[in-house]
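Biologist: Could we go through this model together? I have a few quick questions about the packing.

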Amino acid sequence: MTERIGFFADLHSNLEAYEACMAKAQELGVTRMVFLGDLVGYNADPCALVDRIGDLVAAKKAIAIVGNHDEAVFKDYRDQMNPHANAAIAWTKTQLSSAQVQFLKDLPLIIHEEDRCFVHASAYNPSKWNYVTDSMSAWQCAQSSGTTYTFVGHAHEQALFYQSAVGKLIRFAPHPGDEIPVMKHRQWVGVVGSLGQPRDGNPEACFAILEPATEALTFHRVPYDHFTAAEKVRSAGLPEELANRLITGK
């Protein structure tokens, strides 16, 4: 069986987006999943998301990384987050069981595996939650990971950075569904986009698939019932802005 690794980041308690992406991943033959942090926050189904991912991790079908919103459940991040994010975390704390919180606490900050590195924000000072958004931040991330492939979340828009002949990391905007050759003689940093709260003006959920044997990476967008997800946010009493973001993708 051809190994196909699915990468999912910034799920943010969005059950509708999660289920749509899991169905698409199964359709595309994903054999293993990597969840790149921020399982919770912003949206209205934290318990369901933690339980589903916990089951996959326990069955050794997936690995998961901690994100800053996950840490905010058990550390005081109030002065590091905006009011909407803080409101969602405060509500999330009232929903999660002690076992679910412990699952988040036990998640690693970064994983190195063969020629790959998995981290929520950046391999450069991962606990500082730096964003990978430009050539310099991508270069710092790649240099710190020391691997051929580094996969990150945190920044909610999809992007791919590749190493030029002079070592600089150049940003590339991937087109969903296009297979990109990612040859091992370069370093690559893939920002897989947000499953649970896209911010590029397109409300469709994001994920990516790596096929190591063929050195191919494909970014995907998946439509889902974002109106239901937004209505759940409103029904939970969370900020209206968080519901609107799901509808507009901004």
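Biologist: Which residues have the most contacts inside the largest nonpolar core?

Modeller: This is a predicted model, in which local features need pLDDT of at least 70 and side-chain atom pairs count only at pLDDT 80 or more, while totals for chains, interfaces and linings use all residues. Residues are numbered from 1 along each chain as its sequence is written, and side-chain values use heavy atoms, with hydrogens and water left out. The largest nonpolar core has 52 residues, and those with the most contacts inside it are Phe8, Leu11, Tyr18, Phe35, Leu39, Ile53 and Leu104; such a core is a set of buried Ala, Val, Leu, Ile, Met, Phe, Trp, Tyr and Cys residues joined through side-chain atoms within 4.5 Å, where buried means under 20% relative accessible area with a 1.4 Å probe, protein chains only.

Biologist: And which element gives the largest share of this core?

Modeller: That is α1, with seven residues; helices here are DSSP runs of H or I, at least four residues, and strands are runs of E, at least two, numbered from the N terminus.

Biologist: What does Leu39 touch?

Modeller: Leaving out residues up to four places away in sequence, Leu39 touches Leu11, His12, Ser13, Leu49, Ile53, Asp70, Phe103, Leu104 and Leu107, contact meaning heavy atoms within 4.5 Å.

Biologist: Changing topic, is Val189 buried or exposed?

Modeller: Val189, which is found in strand β10 (residues 188-191), is buried, with a relative accessible area of 0%. Among the residues that Val189 touches, not counting those up to four places away in sequence, are Val132, Cys141, Val152 and Phe161.

Biologist: How many Å separate the C-alpha atoms of Val189 and Leu104?

Modeller: They are separated by 25 Å, and the two residues are 85 residues apart along the chain.

How values were computed
Buried means under 20% relative accessible area, exposed over 50%, partly exposed in between (1.4 Å probe, protein chains only).
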